[in-house]
Amino acid sequence: MKEEEHKERQQQYQKEDKKAFKKFLFVLLISVIVGFMLGIFSAFIKDIWIIEASEGVKRIGRVFAIYGGYIITIILLLVSVILYRKSRKEFFAWDGEDEGIENRIELWLSYVSWFSQLIMIFSYFFLGTGAYVQLGDKEVVKEMLDTNFVSWILNLILVLGSMLFSLVVSMYLQQKVVNFTKELNPEKQGSVYDLNFGKKWWGSFDEAEKFVTYKASYTTMKAISYTCMGLWLFCLIGMIFFDFGVLPLIMVLIIWLVQVSVYCLKVIYYGKHPSEMMK
Amino acid sequence: MSLENNLKEHREKLGVNQQELGALVGVSRQTISQIERGGYSPSVTLALKLAKVCGVTIEDIFWYEEDGEESKA
């Protein structure tokens with residue numbers, strides 16, 4: 001009887017696979033055609049003058065690489081300050097009963113937290129682009145050092161200053177959000193300046209807060225998978241038609257490998273140690 | 001099928017706000033709010049703690065409703 005049941009189930013799975021496979025094959029075919037056409041198009045437009053950026057565009061790009069960090073940080077800081085002040089105003093006017101007010105405050109603080117992390121990520125980006133502009137092109141650097149040394153040094157200071165400014169703003173906003181959250185939820189623990197902050201903060205999460213984190217993490221994992229796939233295609237086209245080497249492709253695949261491997265190994269681990277899941 | 005509850009009524013009988021009830025059972029105000037709004041189904045442990053604090057059984061607070069069934073009073 002057991003063997004018959006097994007055979008029935010196998011047949012059912014095969015039917016499901018067959019049904020889904022046709023759609024899968026169709027999507028795969030479309031992806032191959034789109035990828036092929038993108039590749040051909042890229043090779044085609046490479047030869048068009050639009051791709052060769054004019055000197056003016058390059059100059060704008062260099063200026064943005066140096067000042068862009070300041071601009072983005074200031075914009076996000078202003079929006080964050082507005083949301084934070086609104087939250088404080090509502091908090092002081094709160095009678096301790098209206099749930100709507102608390103939910104609103106927590107929503108605004110979530111946005112401020114998000115912006116503070118965006119500032120940090122952008123700071124890394126602009127440090128990279130600024131450093132590239134200042135130090136990457138050896139011929140440009142040599143020319144600058146020979147003709148306009150003071151300007152070159154000032155720009156380098158601005159690039160480093162941009163990162164420092166962004167990091168300080170990011171930490172300041174995170175500190176404000178964390179401390180305000182602790183006022184709303186006294187059971188929360190941890191200081192943003194504590195090296196073990198992440199562990200303490202996570203430790204003070206209750207089951208619902210952890211559940212939200214798990215769900216958000218799963219969505220993040222899927223988003224990263226799609227992003228890596230898109231980036232892989234971009235790097236492949238770039239590698240073949242724009243000669244920017246195999247390193248970008250390797251970087252993308254490292255991220256993808258780490259993500260998939262950590263996820264799968266953790267699933268295996270929790271399968272073997274179910275009691276660890278509740279920690 | 002959905003998990004329903006009347007936790008808010010029991011909390012009001014107890015005379016505490018969400019923050020205070022959360023402190024009694026070891027969760028945040030947000031979690032109590034999400035449970036009351038039906039946005040979160042508590043673990044068995046938390047459900048037991050809530051029932052104990054409210055002085056009732058779990059079934060007095062939480063129940064499953066089939067689609068189309070009348071809700072509990």
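This is a predicted model: local features need pLDDT of at least 70, side-chain atom pairs count only at pLDDT 80 or more; totals for chains, interfaces and linings use all residues.
Residues are numbered from 1 along each chain as its sequence is written, and chains are lettered from A in the order in which they are written. Local features need pLDDT of at least 70, side-chain atom pairs count only at pLDDT 80 or more, totals for chains, interfaces and linings use all residues, and side-chain values use heavy atoms, with hydrogens and water left out.

Me: Which pattern does chain B follow along the sequence?
Reply: Helices (H or I, at least four residues) and strands (E, at least two) are DSSP runs, numbered from the N terminus. Chain B has five helices and two strands. Read in order, the pattern is β-α-α-α-α-α-β.

Me: What is the radius of gyration of chain B?
Reply: This radius is taken over C-alpha atoms, and the globule rule is 2.2 Å times the number of residues to the power 0.38. For 73 residues, a compact globule would come near 11 Å. Chain B agrees with that, at 12 Å.

Me: Is His10(B) buried or exposed?
Reply: His10(B) sits in helix α1 of chain B. Buried means under 20% relative accessible area, exposed over 50%, and partly exposed in between (1.4 Å probe, protein chains only). His10(B) has 11%, so the class is buried.

Me: Which residues does His10(B) touch, not counting residues up to four places away in sequence?
Reply: Contact means heavy atoms within 4.5 Å. Sequence neighbours up to four places away are left out. The partners are Cys54(B), Val56(B), Asp60(B) and Ile61(B).

Me: How much area do chain B and chain A bury between them?
Reply: Buried area is the accessible area (1.4 Å probe) that two parts lose on being put together, summed over both. The contact takes 19 residues from chain B and 15 residues from chain A. Carbon and sulfur atoms hold 35% of the buried area. The total is about 1300 Å².

Me: Which residue of chain A forms a salt bridge with Arg29(B)?
Reply: A salt bridge is a side-chain nitrogen of Lys or Arg within 4 Å of a carboxyl oxygen of Asp or Glu. The count between chain B and chain A is two. In the one with Arg29(B), the closest N and O atoms are 2.9 Å apart. The partner is Glu106(A).

Me: Which element gives the most to the side of chain B that touches chain A?
Reply: The elements giving two or more residues are α1 (7-14), α2 (18-25) and α3 (29-36) of chain B. The top one gives six residues. That element is α3(B).
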